[in-house]
Amino acid sequence: MNYQYIVQRLLSALVVVLGVTVVVFMIVQIVPGDPARVVLGPYANDEAVQGLRDRLGLNRPVIEQYLSWLGALAQGDFGQSLLNGQAVAPQLWGRIGPSFELALVSLLVGLAIAFPVGIISALKPGSGIDIAATIFSQIGVSIPSFWMGIMLVIIFSLNLKLLPPSGYTPITEDPGDWLAHIMLPAFTAGFVSASIMTRFIRSAMLDVLSANYVQTARAKGLGERAVVLRHALRNAMINIVTIIGLQINALFSGVVIVEVVFSWPGLGRLALNAVLERDYPLLQGTVLIVAVMFTMVNLLVDLLYFVLDPRIEYA
Amino acid sequence: MNKALAGSELGASNTLWRDAGRRLLRNRLAMFGICVLTIVCVMGLFGPAITPYDPNGMDFANRFASPSLLHWMGTDDFGRDTFSRIILGARVSLQVGLVAVSVATILGTGLGLLAGYGRRVTDEVIMRGMDVLYSIPSLLLAIAIVAALGKGINNAMIAIGLVYIPIFARIARAAVLGIRNEEFIIAARALGAGDLRILLWHVLPNVLSPIIVEITLSLAFAILAEAALSFFGLGTQPPDPSWGRMLAEGRDFFRQSGWMGFFPGLAILFTVMGFNFLGDGLRDALDPKLRR
């Protein structure tokens, strides 16, 4: 294993996270006019505005503001919410779990749909199932997930009364209820992921299915199952993992929307509430945490290459 | 001699585009996409002139009217005609899509060309910057930018445009890296052409096809993103109709009048699908090797 590459990759992830802190810090800096005035509204008196400027540290030079903000972040201090005066950090920690659960289950739902559909349509290109899969994936990438979520609520919650329309139960409290609550949101976010991944799994499988080693495997009399699973899929995995990594951005964006539609107490909903209330420290904290989670997942995907393909040696 | 060369090059390039056009016309899904988009463009261009009712005109006697011959898609909680509002909403969607994608294309392609063609330091600085932007989920970044700049359609356009810059930068850079050591670039340099001239006259035309494909696909994403921002109340502001806003407004009345949200959702789905079909068709037409 090339440890030098791992160290290099870790360092570059660190640089990206540092860059993200600059972008997140800039959210307040690009507010047109005085951010304190924007937060408090046009009728606030000058003393209140000045007080908030002091509290946010806006009177100091920008570099100094950034460094002291970064220093506090390093100690786990994300500042105070402007709305309720409480520390931002504990509010964030409470939201990571639900968001992570939703993202993970959505990804699993996506994979559970995309793998069989992608593989079968690659095995029978041009067939009815292939055309159906193409239409499915086109609808999936085009459908507004908030609309799909609402439609699912109408069908499964309001009409069939099978699943709860919104809300969340911690898995530690009642796993059955947790599952009932996560099904609709996870399916909504997972469906979009599935449609993106289906196309790439199909394409990656088509590439390897015509390769010589697959034909050799068939020629030596191996069963179709062994050819597809042991020879073709295993070699297609490296491309498939790349695509799964790339579409995690879309998955995270989808999760933000789905959290709002299903009142899921995650980071996406927190971010939107922060925006609507102009609670900048809370918004900054949320965006930063999501970006760090996203960077870590990408890092894991990159490192997964080693496991999948031991031949890979990075210069 | 030079003129003859230029002429034959031009001829070859014309044939290339003509062939691509022919392939596109044979692609049924792409043609379906073009038909849908033509309808949406007509709605967008002639919006106020072709709506059966005033899109913002309230009619309290007709609140929540279900779809009928008078109101094809029913009316909303203010008695406004949903069909008329959908027609006018097309203009908002197209406008946001075009402006946002133009911002992303110009800035992203420019940065990508610079990164791919420039020195290693330039490349590193630009692409690490792009990595940073790309490491924040696009919708969350757009929400954060709108939060900073303020709600409204103009800021939504800027936000969506900024979010897609890294995608164009990556595509343009990859395309430049593929051709930067080709003979025609070396020849142009040997003839004394400056960097800017080489970039604009020799590199850019050769990286156009992946960028055209990405523009079409990004239009689809931009329309979805605008709908999402407006759904959250951050994009188009009342009383102007936008498909995302109409969906959000319809959400409160889904039990009694499902059409208020159903039809705007359908409009978004078909328009985005139209751009996706066209984008995929263009990709197949411009690069037949990729055909599946």
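Predicted model: local features only at pLDDT ≥ 70, side-chain atom pairs only at ≥ 80, totals over all residues.
User: Which elements make up the secondary structure of chain B?

Analyst: One counts the helices and the strands, and then reads their order along the sequence. Chain B comes to 11 helices and 0 strands, giving the pattern α-α-α-α-α-α-α-α-α-α-α. Chain A has 13 helices and 0 strands.

User: What are the spans of the two chains along their principal axes?

Analyst: These extents describe the C-alpha trace of each chain. For chain B they are about 75 × 45 × 35 Å, and for chain A about 85 × 60 × 35 Å.

User: What percentage of contacts in chain B join residues at least 24 apart?

Analyst: Here one looks at contacts between residues at least 6 apart in sequence and asks how many reach further along the chain. In chain B, 71% of such contacts join residues at least 24 apart. In chain A, residues 24 or more positions apart account for 70% of the contacts with a separation of 6 or more.

User: Where does helix H9 of chain B bend?

Analyst: H9(B) covers residues 195-231, and its 37 residues would reach 54 Å as a straight helix at 1.5 Å a residue. Its end C-alpha atoms are only 45 Å apart. The helix bends by about 50° at B:Leu204, and the proline B:Pro205 follows within four residues. After H9(B) comes B:Gly233, with a positive phi near 85°.

User: At what angle do helices H1 and H13 of chain A cross?

Analyst: Two quantities are read for a helix pair: the distance between the axes and the angle between their directions. The axes of H1(A), residues 3-29, and H13(A), residues 280-308, come within 10 Å and cross at roughly 160°. Angles over 145 degrees count as roughly antiparallel, and therefore H1(A) is roughly antiparallel to H13(A). The crossing is right-handed.

User: Which residues of H1(A) and H13(A) meet?

Analyst: The contacts can be listed from each side in turn. Among those in H1(A) are A:Ile6, A:Arg9, A:Ala13, A:Val16 and A:Val20. On the H13(A) side, the residues include A:Tyr280, A:Leu283, A:Gln284, A:Thr295 and A:Asp302.

Terms used. Residues numbered from 1 in each chain as written. Chains lettered and ligands numbered in written order. Contact = placed C-beta atoms within 7 Å. Expected span 1.5 Å × (residues − 1). Bend = angle between axes of the 7 residues up to and from the residue. Axes fitted to C-alpha atoms, helices over the stretch in contact; angles between N-to-C directions. Parallel < 35°, antiparallel > 145°, perpendicular 65-115°, else oblique. Left-handed = near helix turned anticlockwise from the far one by under 90°.
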